[in-house]
Amino acid sequence: MSRTTNSPNPIHVLLVDDHPLLRKGLQSLVGSSGEFHIIGEAADGEQACELAQGLQPDIILMDIEMPKMNGIDATRWIKTALPHIIVIGLSINQSAVVNTMKAAGASAYLTKDTAPEDFWHVTRSTLTQHTYNFPGLLAGCLVMVALLSMMNCTRLPPIDQKYYSSRVYALPYERVFNAVHARVAEYPMGMGEADQTDGIVKSRIGGTMPGSGATVGYQVTVVVSQVGKQTRVTPDWQMNVSSEPTKTHLVPVSIDERPRLYIEFFEELDKYFKN
């Protein structure tokens with residue numbers, strides 16, 4: 001019998017996904033709870049079956065589309081050979097495979113855009129042998145968590161955060177606005193819009209993260225405002241974490257989460273005023 005969440009021992013989890021970035025995100029999400037302990041990772045169905053037999057996890061988070069053996073076949077094998085193990089299916093496409101995954105023996109099914117709070121609710125609920133299916137926002141959150149954890153960014157001291165989050169230049173408004181416009185236009189995302197009257201310069205949203213199945217890209221909006229005879233520049237970075245290529249879901253990226261975005265923006269902008 002699987003451990004319940006009331007057990008003093010951690011619940012052992014096996015992660016199965018062929019995308020290292022999403023495994024990293026799952027690792028950060030699952031590892032953030034003291035109730036769960038990741039005991040192994042697999043990149044395909046065959047490896048998942050081997051690890052399930054050797055490690056005997058309580059729960060397997062199982063991707064569907066994988067090389068060698070897909071998640072449906074792996075789940076069917078695991079539930080036949082090791083029926084005590086709980087399998088939770090993970091996929092981008094909900095309707096196409098949910099019934100097949102449940103028929104293979106999965107106790108629950110989550111789209112990769114399930115909200116983290118629903119993720120925890122479903123995972124805990126499966127320990128009492130209930131079946132759930134919640135759509136939401138997981139993939140973007142996983143990608144976000146993975147990216148931020150992989151960056152290994154340390155927080156800047158408060159004085160540096162203030163310096164790089166907003167800058168006042170003793171220069172005319174028009175000159176500063178034109179420099180900001182030129183700086184934003186240099187980004188891979190390209191120029192989205194610029195309004196000198198309102199003091200807004202906005203890039204487009206970046207491209208996709210290869211292999212993630214989710215649109216992941218940055219956007220920067222820069223506010224240029226006149227302060228007496230000086231001009232203030234304040235960039236605002238956001239990341240698109242939508243799991244649907246045709247839609248966007250922007251979340252803020254603060255300076256303490258990704259300081260290099262802000263530092264590099266001002267370092268490059270300053271070069272315009274040295275010429």
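Two residues are said to be in contact when heavy atoms of theirs lie within 4.5 Å. The model is a predicted one.

## The protein as a whole

The protein has 275 residues, and buried residues make up 47% of them. Its secondary structure consists of nine helices and 12 strands. Of the contacts with a separation of 6 or more, 59% join residues 24 or more positions apart. The accessible surface comes to about 13,100 Å², and carbon and sulfur atoms account for 52% of that area.

In soluble globular proteins, nonpolar side chains tend to be buried together. Here the largest nonpolar core has 29 residues, and those with the most contacts inside it are V180, V222, V233, W237 and L269.

What surrounds V222, leaving aside its neighbours within four places in sequence? The residues in contact with V222 are V180, V184, G199, I200, V201, V233, T234, P235 and F265. Among these partners, V180 and V233 also belong to the residues with the most contacts inside the largest core.

## Helices α8 and α9

The axes of α8 and α9 are 9 Å apart, and the two helices pack at an angle of about 125°. The arrangement is therefore classed as oblique, and the crossing is right-handed. On the α8 side, the contact is made by R175, A179, V180, A182, R183 and V184, while α9 contributes E264, F265, E268, L269 and Y272.

R183, with which this report began, lies in helix α8. Is R183 buried or exposed? Its relative accessibility is 8%, and the limit for a buried residue is under 20%, so R183 counts as buried.

## Helices α2 and α3

A second pair of helices is formed by α2 (residues 45-55) and α3 (residues 71-81), which pack at an angle of about 20° with their axes 9 Å apart. Angles under 35 degrees count as roughly parallel, and α2 is therefore roughly parallel to α3. The crossing in which α2 passes α3 is right-handed. From α2, the residues G45, A48, C49, A52 and Q53 meet A74, W77 and I78 of α3.

L82 is placed in the loop between α3 and β4 (86-91). Not counting residues up to four places away in sequence, L82 touches A52, Q53 and Q56. L82 and Q53 are 29 residues apart along the chain, and their C-alpha atoms are separated by 7.4 Å.

Q56, one of the residues that L82 touches, lies in the loop between α2 and β3 (59-63). Although Q56 is not a glycine, its phi is positive, at about 50°. Another residue other than glycine with a positive phi is K68, where the value is near 70°. K68 is found in the loop between β3 and α3.

## A residue in strand β11

R232 is located in strand β11. Which residues are in contact with R232, leaving aside its neighbours within four places in sequence? They are S166, R167, V168, V223, V224, S225 and V227. R232 and A170 are 62 residues apart in sequence, and the distance between them in space is 8.9 Å, C-alpha to C-alpha.

## Accessibility of selected residues

| Residue | Relative accessible area | Class |
|---|---|---|
| L82 | 8% | buried |
| R232 | 31% | partly exposed |
| Q56 | 33% | partly exposed |
| K68 | 67% | exposed |

The classes follow from the cut-offs, because buried means under 20% relative accessible area, exposed means over 50%, and partly exposed lies in between.

Note on methods:
Residues are numbered from 1 along each chain as its sequence is written. This is a predicted model: local features need pLDDT of at least 70, side-chain atom pairs count only at pLDDT 80 or more; totals for chains, interfaces and linings use all residues. Side-chain values use heavy atoms; hydrogens and water are left out. A nonpolar core is a set of buried Ala, Val, Leu, Ile, Met, Phe, Trp, Tyr and Cys residues joined through side-chain atoms within 4.5 Å. Buried means under 20% relative accessible area, exposed over 50%, partly exposed in between (1.4 Å probe, protein chains only). Helices (H or I, at least four residues) and strands (E, at least two) are DSSP runs, numbered from the N terminus. Accessible areas come from the Shrake-Rupley method with a 1.4 Å probe; for residues, only the protein chains shown count as cover. Axes are lines fitted to C-alpha atoms, for helices over the stretch in contact, and angles run from 0 to 180 degrees between N-to-C directions. Angles under 35 degrees count as roughly parallel, over 145 as roughly antiparallel, 65 to 115 as roughly perpendicular and the rest as oblique. A crossing is left-handed if the near helix is turned anticlockwise from the far one by less than a right angle, and right-handed if clockwise.
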